[in-house]
Amino acid sequence: MSDSNMQKALDEKHERNREHRIEAVKRWVAYLKSEPPEVWGPQQNAVVNDQLDAAQSVGTSAQHQQHVKNVAADIAAVKDDDAAESE
């Protein structure tokens, strides 16, 4: 398979994946509209909690965690500065 054919196949795969994600989001929205928050809320919380657990189990180093915190603080500071300037 030539490079251009491989790229085309990869692009097609990405587009299919994108379409599947969009359809999944549409199904979730339809479910949210059809069920009360008492039903879907705990389900959504379980998904988010599982994602957080998975992220925490990756075992990043203390140095990397500190780097992430520093970047987040820098972003927050920029947002605060922008908000103050726009007032």
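The model is predicted. The chain has 3 helices and 0 strands. Its radius of gyration is 21 Å, while a compact globule of 87 residues would come near 12 Å.

**Overall build**

- Read from the N terminus, the elements run α-α-α.
- Helix α1 covers residues 3-34.
- Helix α3 covers residues 62-86.
- The C-alpha trace spans about 50 × 45 × 40 Å along its principal axes.
- A compact globule of 87 residues would have a radius of gyration near 12 Å, and the 21 Å of this chain can be set against that value.

**Surface**

- The accessible surface of the chain comes to about 7600 Å².
- Carbon and sulfur atoms hold 55% of that surface.
- Ile75 sits in helix α3.
- Is Ile75 buried or partly exposed? Ile75 has a relative accessible area of 45%, so Ile75 is partly exposed. The partly exposed class runs between under 20% (buried) and over 50% (exposed).

- How many salt bridges does the chain have? The count comes to 2.
- Glu15 and Arg18 both belong to helix α1. They are 3 residues apart, which is about one turn of the helix.
- Glu15 is partly exposed, at a relative accessible area of 35%. Arg18 is also partly exposed, at 42%.
- Another salt bridge links Lys26 with Glu23. The closest N and O atoms of this pair are 3.9 Å apart. The cut-off for a salt bridge is 4 Å, so the pair counts.
- Lys26 and Glu23 also lie in helix α1, again 3 residues apart, or about one turn of the helix.
- Glu23 has 40% relative accessibility, so Glu23 counts as partly exposed.

**Charge across the chain**

- The chain carries 10 positive and 16 negative charges.
- The mean positions of these positive and negative charges are 10 Å apart.
- Which residues gather in a patch of negative charge on the surface? They are Asp80, Asp81, Asp82 and Glu85.
- Asp82, one of the patch residues, lies in helix α3.
- Asp82 is partly exposed, with a relative accessible area of 46%. A patch residue needs over 30%, so Asp82 passes that test.

- Ile75 is in helix α3, and Lys26 is in helix α1.
- How many residues apart are Ile75 and Lys26 in sequence? They are 49 residues apart.
- In space, Ile75 and Lys26 are 32 Å apart, taken from C-alpha to C-alpha.

Terms used: Residues numbered from 1 in each chain as written. Predicted model: local features only at pLDDT ≥ 70, side-chain atom pairs only at ≥ 80, totals over all residues. Heavy atoms only, no water. Patch = residues over 30% accessible without salt bridge, like charges linked within 9 Å, V, L, I, M, F, W, Y side chains within 5 Å. Areas by Shrake-Rupley, 256 points an atom, 1.4 Å probe, with all protein chains shown as cover. Salt bridge = Lys/Arg side-chain N within 4 Å of Asp/Glu carboxyl O. Lys, Arg positive; Asp, Glu negative; His and termini not counted. Charge placed at Lys NZ, Arg CZ, Asp CG, Glu CD. Helix = DSSP H or I, 4+ residues; strand = E, 2+ residues; numbered from the N terminus. Buried < 20%, exposed > 50% of the residue type's maximum accessible area, 1.4 Å probe, protein only. Rg over C-alpha atoms; globule rule 2.2 N^0.38 Å.
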